[in-house]
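Welcome, and thanks for taking a look at this one. Here is a short briefing to read alongside the sequence and the 3D view.

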Amino acid sequence: MRILIRGGRVIDPAAGLDDLLDLFIEDGKIVRIDKNTGGGRREAGGADTKEPRTGKEAKASRNAESALGVDRVMDATGLVICPGLIDMHVHLRQPGREDKETIASGTMAAARGGFTAVCCMPNTDPVNDTRSVAKFILDTAKREGAVQVYPVGAITKGLKGEELAEIGELFEAGCVAISDDGRPVMNAELMRRAMEYATMFDLPTIQHSEDLHLSGKGVVHEGLVSTELGLRGIPSVSEAVLVARDLLLAESTGARLHIAHVSAAESVRLIREAKARGVRVSCEVTPHHLTLTEDAVRDFDANAKMNPPLRSEADRQALIEGLQDGTIDVIATDHAPHTVQEKEREFDLAPNGVIGLETALAVILTTLVAPGILSLPQAIAKLTSEPARILKLSKERIAEGADADLTIFDLHREWIVDPTTFASKSRNTPFAGRRLTGATVATLVGGKVVWEA
Amino acid sequence: MGLARKDLLGMQELTSDEIRLILDTAESMKEVARRDIKKVPTLRGKTVINLFYEPSTRTRTSFEIAGKWLSADVINISTSASSVTKGESLKDTGLTLQAMYPDIVVIRHPAPGAAVFLATRLAASIINAGDGAHQHPSQALLDLFTIREKIGRLEGMKVAIVGDIAHSRVARSNIQGMQRMGMEVRVAGPRTMLPRFIERLGVEVFTNLERAVAEVDVIMMLRLQTERQQAGLFPSLREYSRLFGLTAERLKAAKPDVLIMHPGPINRGIEIAPDVADGPYSLILNQVENGLAVRMALLYLCAGGGQTSA
């Protein structure tokens, strides 16, 4: 299959690319990148408009296409093309909770959201703590997945925090990182050993940073809203205390530490300081922590219940600053599907987590890029080259010879979030009913259009 | 004039006019309570369901008697808290009840927001009889009623609420209701039981009992949950009592005619000394009696009483 994507604004932050280009794709690879001459004109501010071509130009172009033997031409005039987005933190729920999500439905949700690769966390049932589970995930993904799936293996057997999982075997099976996500490794000695052990494979250790004693039975951020509503609070130091501990462990072991879903201002400060002194640490933030605060739980809607909880406006501002100054490397969704009946409960009893694959890009474009908090290339880097760098995936480049994993999106298309239309099996989004600007138009994985609006 | 809302979920939603309406209505209900024959036909043909997920003799009985005196058919459903996690969901329970066409559902539940949850799903009026540490509006209203009855007004009065503020729905409801009625509120307790940011609710915060009770017109003591000791919130009952128990000796720091309140049930000798609880300025039994009148008023108003048809 030969595809020509014509006239789009191609942005690849890793390659320093931001231009109107034509991409020729053959056998799953980008084979040629040409300067677009088709009449797309860049406006100030980055918007593109289509100008009428002369008949002569159009004919010349058609001739060129047919000379190349192109099977399909995708007109990307006015659209942005970037390397396929990578979500390094999702929960696909298979094996074990296929009623919430499967590898097929979760990867289709990813494709709809513009992601061409996802990393799935190991808190499945059974836990991904052995080669056989990792292999099951990879085999199923190969058979049924719409996008690339990279499993994250467990740090400890059964995520129990007691004994190391067979990390070497997980690495050999194809796991790109280790994590007990959903739970922290509370035992500092065990965490130290996990980090030391992982250095043999140069695997990042991803920590869900939370001191379980400080969190107690908390269900929301400890702040003004918890005080008013009488909901038990999780203090922000619950996260920061473990971040501080693990930064010291990373410093002493030389291991690569990645801190998942950072939510607290204190954590950002600690990570910034650690990075400045050369600790090998990276971290991620979710779109919902960047855009929502504790106020979202005021009506006891469990679709705003997650761990770490939505925090204060001051925390949110600190996350944005961290993103801007590079302290926070990655935006990841922590896509956590739950059934409607599980979420439609008393707030205390509903499970933690929200889905995010199908809203992430639009939420980022609407709330970070449009107001100028991040430039478009900066935002794209947080979703492409940065996760690829941390996980050592060679998936981020738009270059001749590279895999044609591409996301095409419209910066200006407006839509209202309607979870009933999602490809995900679950509906637990805090953004339902929100008007967003920016939408995925097409997602290509290995040169194949896996989703198209 | 009636209530402008279907449900009574918390004090934050009530205007000062609505609070006054409830208290005034309760006054006329109190007259019924003192009759020989207490039954009036006001809610004849109406069905009230008391749905209690937590044991509560006084609040449940109070709502039950209030309903019966108004001639409503009152049904009590008690469900142990353990069944919340393993049994039928609150949504399904609510929908099942809805199918039986109750007019009012009074709910007590350990989870904050449970009353809000039902209110958005049921056509019946929902009265929150306590949801976790969130709200207990009928208690706050009966407390306001009792203070107004005793002093004659609410505006300008100063109150100290003492004890475990963090876990107290009574404290939260009272802070909002009292402030709405122009009262000044102080809170006092061990630092571990004062929620962070509590001062942002507009209250003065004390960790010393003597200082907290000086100059106030009313002292409201809260019940201490002894299991908080295991949770590490205070070292021992002995120390709690020594620092925060209201004794005759400590009362010397207060105004001589200060009123003493407690939502009950009392831990005698822990948060309040027996002679203070039974003393001349204690309003504890008045609170119980007034609870009936206030709950009659709430049932009446939630069933549409006071609405004038055009």
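**Cores and contacts**

The largest nonpolar core holds 68 residues, and V118(A), L247(A), I259(A), L376(A) and F409(A) are those with the most contacts inside it. Within chain A, helix α13 (residues 360–369) gives the most to this core, contributing six residues. Please keep in mind that this is a predicted model.

**More on the cores**

- Apart from that core lies another one, made of 66 residues, including L23(B), A26(B), V48(B) and F63(B).
- Leaving out residues up to four places away in sequence, V118(A) touches D87(A), V90(A), L92(A), A110(A), V147(A), Q148(A), V149(A), Y150(A) and L357(A).
- As general background, nonpolar side chains tend to be buried together in soluble globular proteins.

**Where chain A meets chain B**

- The contact draws 17 residues from chain A and 22 residues from chain B.
- On the chain A side, T227(A), E344(A) and E346(A) lose the most area to chain B, together 34% of what that side buries.
- About 1700 Å² is buried between chain A and chain B, and carbon and sulfur atoms give 60% of that area.

**Polar and charged links across the interface**

- Three salt bridges are counted between chain A and chain B.
- E344(A) forms a salt bridge with R121(B), with the closest N and O atoms 3.1 Å apart.
- Six residue pairs are in polar contact across the interface of chain A and chain B, with both residues at pLDDT 80 or more.
- Sorted by class, the side of chain A that touches chain B has six nonpolar, four polar and seven charged residues.

How values were computed: Residues are numbered from 1 along each chain as its sequence is written. Chains are lettered from A and ligands numbered from 1 in the order in which they are written. This is a predicted model: local features need pLDDT of at least 70, side-chain atom pairs count only at pLDDT 80 or more; totals for chains, interfaces and linings use all residues. Side-chain values use heavy atoms; hydrogens and water are left out. Contact means heavy atoms within 4.5 Å. Buried area is the accessible area (1.4 Å probe) that two parts lose on being put together, summed over both. A salt bridge is a side-chain nitrogen of Lys or Arg within 4 Å of a carboxyl oxygen of Asp or Glu. A polar contact is a pair of N or O atoms within 3.5 Å; within protein, one must be able to donate a hydrogen and the other to accept it, and residues adjacent in sequence count only if both atoms are side-chain atoms. Ala, Val, Leu, Ile, Met, Phe, Trp, Tyr, Cys and Pro count as nonpolar, Asp, Glu, Lys and Arg as charged, and the others, Gly among them, as polar. A nonpolar core is a set of buried Ala, Val, Leu, Ile, Met, Phe, Trp, Tyr and Cys residues joined through side-chain atoms within 4.5 Å. Buried means under 20% relative accessible area, exposed over 50%, partly exposed in between (1.4 Å probe, protein chains only). Helices (H or I, at least four residues) and strands (E, at least two) are DSSP runs, numbered from the N terminus.
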